[in-house]
Amino acid sequence: MKTILLTITAVLAATIITTAQGRRGSWDKELYVGGTAGYGHSWVDNMPNVTEKSSASIGASFITTRSRLWAWGAGLTVNSLGFNVARSESGTSTLTPVYLRIPVRGYYFFAQGPVRPMAYLGPEVGVKVAERSTGRSISGDAVGGQISRWDAGLSGGLGLNIRFIKSTWINLSADYYRGMVDAVRWTGGAFNENRNFGGSIGIFHTVK
């Protein structure tokens, strides 16, 4: 799966490079609203015996264009991250926190037309709303769970904005999230940031 996602990222990057000098037609200010869904792999840094696990997200967001090339947007998403921990005495334990997140993103569109290569970057903050573990309980069971109650970091990605019908667009993107706070409560002095790499699809409708 990771190989497929890396291939998609490379294709999107190549498309952006080859079309960056494309048409620069007029582009009125517009507002797009829609839903998104994503799938990928997540893990945490600075923890021994950790391997990635599958992650998923679903949410709603808006994008508003500020010029021919620039836009910004925000949304509300629910996503599950987490990681696997290999335990020699009892197999693998899995931790899956679920977050309610607010991402804020700045977008740059490299070309005009029915297919618009884009890049985005922005901060996001999340509050843990649930936590599930499988396998043997990880040491140091903390009151309120083993994952920190909130998370924050930066997300960025490359993608394509494709006109499906007159007022409806499909967004395809390869996304990377880098947490910037300690995500795990029971590892002593270690600093364990969330990581996530995946792909997403969104359907947006022009409302203005």
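In the predicted model, a nonpolar patch on the surface is formed by I58, W72, L76, V78, L100, I102, V104, V125, V127, V129 and W150, which together have about 970 Å² of accessible area. The elements that contribute two or more residues to this nonpolar patch are strand 4 (70-80), strand 6 (91-109) and strand 7 (115-134). One of the patch residues, V129, is found in strand 7, and because its relative accessibility is 53%, where exposed means over 50%, V129 counts as exposed.

Charged side chains were examined next. Side chains of opposite charge can pair when their charged atoms come close. The structure holds five salt bridges, among them one between R195 and D45, whose closest N and O atoms are 2.4 Å apart. R195 belongs to strand 10 (residues 194-206), whereas D45 lies in the loop between strand 1 (31-44) and strand 2 (50-51), so this pair ties together parts that are 150 residues apart in sequence. Both residues of the pair, R195 and D45, are buried.

Two further salt bridges involve R101. In one of them, R101 pairs with E124, the closest N and O atoms being 3.3 Å apart; this pair links distant parts of the chain, with R101 in strand 6 and E124 in strand 7, 23 residues apart. R101 and E124 are both buried. R101 also forms a salt bridge with D151, for which the closest N and O atoms are 2.7 Å apart. Since R101 lies in strand 6 and D151 in strand 8 (residues 150-165), the pair ties together parts that are 50 residues apart in sequence. D151, like R101, is buried, and salt bridges that share partners join R101, E124 and D151 into one network.

The strands that carry E124 and D151 are also paired with each other: strand 7 and strand 8 run antiparallel and are joined by 13 bridges, and within this pairing P123 stands opposite L154 in strand 8. Strand 8 pairs in turn with strand 9 (residues 168-179), again in the antiparallel sense, over 12 bridges, with L158 standing opposite A174 in strand 9.

Methods: Residues are numbered from 1 along each chain as its sequence is written. This is a predicted model: local features need pLDDT of at least 70, side-chain atom pairs count only at pLDDT 80 or more; totals for chains, interfaces and linings use all residues. Side-chain values use heavy atoms; hydrogens and water are left out. Patches are made of residues with over 30% relative accessible area and no salt bridge: like charges are joined within 9 Å, nonpolar side chains (Val, Leu, Ile, Met, Phe, Trp, Tyr) within 5 Å. Accessible areas come from the Shrake-Rupley method with a 1.4 Å probe; for residues, only the protein chains shown count as cover. A salt bridge is a side-chain nitrogen of Lys or Arg within 4 Å of a carboxyl oxygen of Asp or Glu. Helices (H or I, at least four residues) and strands (E, at least two) are DSSP runs, numbered from the N terminus. Buried means under 20% relative accessible area, exposed over 50%, partly exposed in between (1.4 Å probe, protein chains only). Two strands pair if DSSP finds at least two bridges between them.
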